[in-house]
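Please look through the sequence and the model shown here.

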Amino acid sequence: MAVAPIQIEEPRKTYKNERPFPFCPGCGHTLILNHLDKALTKLQIDPTQTVIVSDIGCVGLSDQYFTTNAFHGLHGRSITYATGIKLANPDLNVIVFIGDGGTGIGGAHLINAARRNVGLTVLVFNNFNFGMTGGEHSVTTPHGAITATTRHGNPEWPLDICATAGVNGAGYVYRGTSFDKDLPDRMAEAIQYDGFALLDIWELCTAYFVPNNDFGRKEMLGLVDTLGLETGLLHHRQVRDYAHRMRELAVDLAGKPTLPLKPIEVKYPNNVAGKFHLVLAGSAGAKVRSAAKLAGYAGVMSGLWVTQRDDYPTTVKTGHSISEIIFSPEEIRYTGVSRPEALALISEDGLKKSGRYLANMTGDDILFTIPQFADVPTKARKIILDPKAAGVRITRTNLALLLMAAALRELNLFPIAALEEAVRRFQTRFADQNLPVIAASEHLISNS
Amino acid sequence: MAKEYIDGATAIARGALAAGCDFFAGYPITPATPILLHMLNELPKVGGVGIEAEDEISAIGMCIGAAMTGVRPMTATSGPGISLYSENIGLAIMGETPLVIVNVMRMGPATGGATTPAQGDVQFVRWGTSGGYPVIALAPSSVAECYTLTMRAFDLAERFRTPVFILVDKEMNYAMATVDIDEYVDAPVGQRPLVPQHRPRPAAVDGVRVNAVTGKPDPRLRPEETYLPYDFDPVDAVQPTSPFGGPHITRFTTSSHDEHGFLTKDADKVRRLNDHLRLKILNHRREMAFGVSDVQEEADALFISYGTTARAMREAVDRSREAGRPVSGLTLHTLWPVPEAMILDAVAGHQRIIVAELNHGQYIREIERLVYRDAAQRRILPPEIIGLDRADGELITPEQFLEVVNG
């Protein structure tokens, strides 16, 4: 096989296209973008492997003037798009342009990208106000400054972007101004840096902030001292980019089966002629849904179509837990239950939600319950089961299975062996505890 | 005939994986969380990425960014989360981003009932972002359909480069059901059209560069460009794209843009872009129309429903026929764009149309619009259109259907 000759491309002299920047005379954006062009040229970065993600505002126009890939998104969300790009293709160079406005509205994203150390290079074009919308104050406007929305002086204090990013784990944090001569070098360093890099670059908005506050280069440099902030490279730690780390952590999982089918073979007969509705009414945290699910598996193993519909409050271990199960020899469309042929009632929480069932049940239906609810008014035939007679220790978390098993024995929809097999197969970890409970239900039902 | 006993969330996750989903970002919310858990658990096994984002805005933002590298993203939330997705849904439409969004509907308004089934987001997903541009929405009504329609959602998202909603509800996502394994039908899943993924010839003809899509010299190409990402020709055709990291430069923007992806206010170019975003969906609605039409010729009444409510409808249809009273049923699997031909075909010959949904009457507006317009055009008397609504957290029962049809 012939070896293809190595193609030597001419070194790139610029990464800007020929379109002139659209910014106001003296705007810091032009300076910063020219610094970036120098950084990209220094790195001779592959433009096809580089994405500039821009936010909203004047800075949001900027991605159009480079010969790289570009993503111009919504206000404050540039870091989310950049994170998605980096996670999906960790080898890309992802550079974010965001203003002080975007930093404010998208603060949660900045903190979380810093915390995760997503390998982005975030350039904050910080000119202390919203330029595009008319010079309103932003999260970095100095206290007392005049803006369109602080005509009497800004009553708020500015956000320290670098400290926020740094304290939350950002690996590379730099503060400087658009006038810094070493900015191209710092930008190149940040682009090559593995983890999350942020450069807070202070600059002049000549349309609004400069005229409103007699604020020039000298005043901007003085502001650093007034606020007692440090400049230069503030953090430079050894961290691993989150996108690469995520993939490294997943190496051992590669190729493992995903959500494989769990076919259930029919091994047992059933005695169900039409739809049979069984409701288990108890308390959340008391394994009601779990007991119902076992009955469901047992039904499927007995050749039945089964549905299970649960109702519970948004809390986890308090309040009611109701499972409505339907067994049918034919496919079940509607999964609701208004009149159950059998109701297993095991707690006060369950009783509170069972009024409709109890009212609809007739003498053909059966209420399975514990002595505590022996007097519950209903036309249904009652079978009172005393857990004390079970012969095994019945707790809050296995009472549901005990009554479910007793009910299934009495109803004889399918062999109780199906329920036992469901426990062995689908609740393997708890089989030792649950099988004796199912066995004890026999004693209970014969004594009822 | 082997069976399974599972829930809709598992079927949706399986459908996504079968369709090649390799990116998921979501934020926990009842009743959509089971899908988040499945996807975060499974994606690392197939070389994909799953992340719990810091909020819903970042969840969909990460998906949109990721999509532009060529991956197939999905996210899942509920109504309150769709509210937070809203602005980015517009971005996905504007940026022509393939993206599957599962909305596990819960009762509103606001926080409403987290564990309460509802179908109240049907118009919300259609009109949930500024500008009113069309989206695609599918609504499965069984666990097996959750699998198949999720695959279809990926197919449509890719081929039409657009966000596609899967509308389910708490019942569909959580309720366990027996499924005949043969009913998991794989749907074909296509791919977004791509610019040839090799470095284009730098050679120019008479100083004019060659367009990698057309293979012809194209004087419009700028020096850094090898193709024009937004050169809609014809206007309703989905254009080839190139993922970030491929051999071409691609521009993506939230703002009105020209063929290069540059911001523009040129009325002709803006109109062409906006027509494209509309017509690439609406002119292809027949390709997206899915549903099950069960029409009986002698029936005077037709039920129309979707999702969980269609399950009660189908039971009511069976019961009514067993009782000797013919009735027709139309189960819609596609809600947006409205499958107009399918609906009008089913409506024909019926005197009463009963539209059943778990809300205060949302999709009935589409049926009324369609049927009344059709009757006016044909100068015939339209059938009576009756809403069967419910918004109290309970399901519509088969008995409610039978009461309406039996008067």
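**A helix and its cover**

The buried residues of α4(A) are covered by elements that include α2 (78-88), α3 (100-105), α5 (161-167) and α9 (242-249) of chain A, together with α3 (56-67) of chain B. Helices (H or I, at least four residues) and strands (E, at least two) are DSSP runs, numbered from the N terminus. This is a predicted model, in which local features need pLDDT of at least 70 and side-chain atom pairs count only at pLDDT 80 or more, while totals for chains, interfaces and linings use all residues. Residues are numbered from 1 along each chain as its sequence is written, and chains are lettered from A and ligands numbered from 1 in the order in which they are written.

Which residues of helix α4 (residues 107-116) of chain A are buried? They are H109(A), L110(A), N112(A), A113(A), A114(A) and R116(A). A residue is buried if 20 or more other C-beta atoms, placed from the backbone, lie within 10 Å of its own. Just after α4(A), N117(A) has a positive phi of about 60°.

Further along chain A, helix α14 (residues 416-426) and helix α15 (residues 431-446) pack with their axes 9 Å apart, at an angle of about 165°. Axes are lines fitted to C-alpha atoms over the stretch in contact, and angles run from 0 to 180 degrees between N-to-C directions. α14(A) and α15(A) are therefore roughly antiparallel, a term for angles over 145 degrees. On the α14(A) side, the contact is made by I416(A), L419(A), E420(A), V423(A) and R424(A), and on the α15(A) side by A431(A), N434(A), L435(A) and I438(A). Two residues are in contact if their C-beta atoms, placed from the backbone, lie within 7 Å. By class, this helix contact has six nonpolar, one polar and two charged residues. Ala, Val, Leu, Ile, Met, Phe, Trp, Tyr, Cys and Pro count as nonpolar, Asp, Glu, Lys and Arg as charged, and the others, Gly among them, as polar.

The two chains also touch: 68 residues from chain B and 59 residues from chain A take part in the contact. On the chain B side, α3(B) gives the most, with eight residues. α3 of chain B is also among the elements that cover α4(A).

Within chain B, the domain assignment, which is automatic or from a database, gives domain 1 (1-197 + 228-288) and domain 2 (291-406). Their centres, taken over C-alpha atoms, are separated by 27 Å. In the contact of these domains, 30 residues of domain 1 of chain B meet 24 residues of domain 2 of chain B.

Notes
Buried ≥ 20, exposed ≤ 12 C-beta atoms within 10 Å, placed from the backbone. Parallel < 35°, antiparallel > 145°, perpendicular 65-115°, else oblique.
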